[in-house]
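This report covers cavities, a pocket and helix packing. The structure comes first.

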Amino acid sequence: MTTVRQRKVGKGTEADEDQPSEEKNVKPDGKILSDHTGRKLWNILSITVGGIVAISLGLLTSVYVATLHENDLWFSNIKEVEREISFRTECGLYYSYYKEMIQAASIQQGLHGLVYDNKTESVRTINILERMNVYQEVFLSILYRILPIQQYLEPVYFYIYTLFGLQAVYVIALYVTSWLLSGTWLSGLLAACWYITNRIDTTRVEFTIPLRENWALPFFAVQIAAITYLLRTHLQPVQERLTLTAVFIATFLFSLTWQFNQFMMLIQALALFILDCFDMLPTAKVVWLYVIQISGLLLVCVLQFFNSMILGSLLISFNASVLIARTIQKNLKKGGLLNRFGKLILHVLLVLCLTLLINKLIKKTLNLESDEHIFKFLKAKFGFGATRDFDANLYLCEEAFGLLPLNTFSRLSDTLLFYVYIFVLFLMTVAAVIVAFRNLRTFYFFCLISGSNQVQFVEKMEECTITLKPDAAYNLIHTVLFGCLALSTMRMKYLWTSHMCVFASFGLCSTEVWKLILKCIHLYTSQRTHVIKYSVPIITLLYISYKFWPGIMDELSELREFYDPDTVELMNWIKSNTPNTAVFAGSMQLLAGVKLCTGRTLTNHPHYEDKNLRERTKQIYQIYAKRSPEDVHRILRSFGTDYVILEDSICYERRHSRGCRLRDLLDVANGHIMDGLGENEPDLKPALYPRFCEEIKKTLPSYTMHFTRVFQNKTFHVYRLTKHK
């Protein structure tokens, strides 16, 4: 009988040999699990600490600029009229609409007053919400009215604290962008410190608070941070959708708060276009960004009652042209090197022609001329023929629209920012050129390889392009294009210098950058890269702290006080001695203050993006030209003027050189020879009349029959116009 029994196994046989084997399998798994948990906890700790540092730096920046503003003006101690006068030029105009909304009997009445405004431009009713980007003032005034804070906070403080609070958002966005690019929050810390220590060149919020760019740039920085995150590889679909939503919201808010949004986003679209042409960004994400720009701008267009300047913007025409050209040229990224290069040139020409054609068609259909002064200015600025156009010359002669001064670079170099920036920019540009050339020929070689070799080829290409990831490539082109803009136009430097802080700090803390450098000099090791990546930024931070901390403390302890008695006297006189319905003429900058401080009606103002207003301003400025009293009186009365304010600082201007003084621009535009020694165009002729602003002070009968002086101090002369039948 056959039976089955269990086999006896000795102590030294298989069973014993299997047990250690199981232990060997368990221990590595446990170690991997432990390492994974440790890394996860470390990441959470790093993100928490980095987030706390970001928020702290943002809040400290807000407190810093608020303190500087208070110390410079003694804002808490001066009178209301002095606070309002401190909002110079167009800042005062924008703040006046916030004041109107606060003082209105109801929100509905305030909105009605903005939509049907007849005090900003005399004898005209205009829609302020259509013409200007003042939705932020509307929103803030409504928020102030509904929140229970009226007893604790004055309206002006609610306004300025909001702007200073946006600086916190700005700094946090710069911090996050640098962190995303480098992978360490130390980079964000360095970017924020550079932003603060280079404050003179990175922001002017403390003395131009209501300026549109101070509202818009924080949202632009948030948009750049969101785009940087969007361009990272291996995002989950949910992450991608949420990031696209963030990009859209930031783009919309940026567009809503600044009239120059379309030009900034056009440069951004050009950056995307360049990178997409060289296959350095994911095509699908680029298309989404084009669509977001168009949709955000069109939504603003709707809110601004279909503002024609938005519809005729180059951005909409360019983005539409790119999307159309994509559908026409579907095989753009296929073929050999020469074939692809030829297609690329054809693609660029097609987009350019379509852009000009669509833009011309839109402007002709809608009869748009709102932005023609900008193109006249650009044409004259870049040497495409001299111009006698008054508006173009008005911009050309302003320092803010000139070339970036060289002393800017010396200030940026003092903090090491400029040196580091140029160093990183050079390395990244070289890498970008290599990657772009490689991408042009990648598809051709890929097609020649078949089978399993294609996988190895892709892996090698990924290794080659790791030094320039899509998010880094975008920020590289972004900083180059906005750098060119800043170099050509000083006013736009704030778009560049803030991003310069981000880009330089990213390069100093980037593993890829140091890896590339060390490989070039044959000193690369992973450990050495890691040490340099953290030690160099820390040394830089210590240097900045040592050199600039005492200066910041001195700056915060320096106390000044607002002092402009002549303007205060003028505003008080107007409020006390003129009817509420009186119409005032004068310089754009002064009249903005007149509207804010007194509520009187204006003939012209500093928001220059309207053709009729530009023509009106040129006519009003004949008070500083060589015109007869009869002509000046007729011109002023055609705009319903009751009072005209003459300023000695304009009539006897010495700030600008000959040829750029306001009176010179008017003389040339009128065909008259300019005052003073110097050359004149051969076709200019002597004027038949003396300069009006000078001659009227002699109280000659030919002037007194039309104008009566009613107020005078060291700076201003106010004349009441005679109302002839």
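## Cavities

A cavity is a set of points, on a 1 Å grid over the protein atoms alone, where a 1.4 Å probe fits but cannot get out; lining residues have an atom within 4 Å of a point. Grid points are joined across faces, edges and corners, and a volume is the space filled by probe spheres set on the points. The model is predicted: local features need pLDDT of at least 70, side-chain atom pairs count only at pLDDT 80 or more, and totals for chains, interfaces and linings use all residues. Residues are numbered from 1 along each chain as its sequence is written, and side-chain values use heavy atoms, with hydrogens and water left out.

The count is 4 cavities of 30 Å³ or more. The largest cavity holds about 80 Å³ of space. Its lining consists of Tyr170, Leu174, Leu217, Phe220, Ala221, Ile224, His478, Tyr494, Leu495, Ser498 and His499. Two or more lining residues come from each of α7 (155-182), α10 and α23 (493-508). Helices here are DSSP runs (H or I, at least four residues), numbered from the N terminus. By class, this lining has 8 nonpolar, 3 polar and no charged residues. Ala, Val, Leu, Ile, Met, Phe, Trp, Tyr, Cys and Pro count as nonpolar, Asp, Glu, Lys and Arg as charged, and the others, Gly among them, as polar.

## Second largest pocket

A pocket is an open set of grid points with protein on both sides within 12 Å along at least five of seven lines.

Helix α16 gives the most, with 8 residues. The pocket lining divides into 26 nonpolar, 5 polar and 7 charged residues.

Two packed helices are described by the angle between their axes and the distance between the axes. Axes are lines fitted to C-alpha atoms, for helices over the stretch in contact, and angles run from 0 to 180 degrees between N-to-C directions.

α7 and α23 pack at about 35°, with axes 8 Å apart. Their crossing is right-handed (the near helix is turned clockwise from the far one by less than a right angle; anticlockwise is left-handed). Tyr170, Leu174, Thr177, Ser178, Leu181 and Ser182 of α7 contact Tyr494, Ser498, Val502, Ser505 and Phe506 of α23 (heavy atoms within 4.5 Å). This contact has 6 nonpolar, 5 polar and no charged residues.

## α10 with α11

Helices α10 (residues 212-230) and α11 (residues 237-257) pack at about 160°, with axes 8 Å apart. That angle makes α10 roughly antiparallel to α11 (over 145 degrees). The crossing of α10 and α11 is left-handed.

Residues of α10 in the contact include Trp215, Phe219 and Phe220, and those of α11 include Leu244, Val247 and Phe254. The contact has 15 nonpolar, 5 polar and 2 charged residues.

## α3 with α4

Helices α3 (residues 89-103) and α4 (residues 107-115) pack at about 145°, with axes 8 Å apart. Their crossing is right-handed. Tyr97, Glu100 and Met101 of α3 meet Ile107, Gly110, Leu111 and Leu114 of α4. By class, that contact has 5 nonpolar, 1 polar and 1 charged residues.

Terms used:
Parallel < 35°, antiparallel > 145°, perpendicular 65-115°, else oblique.
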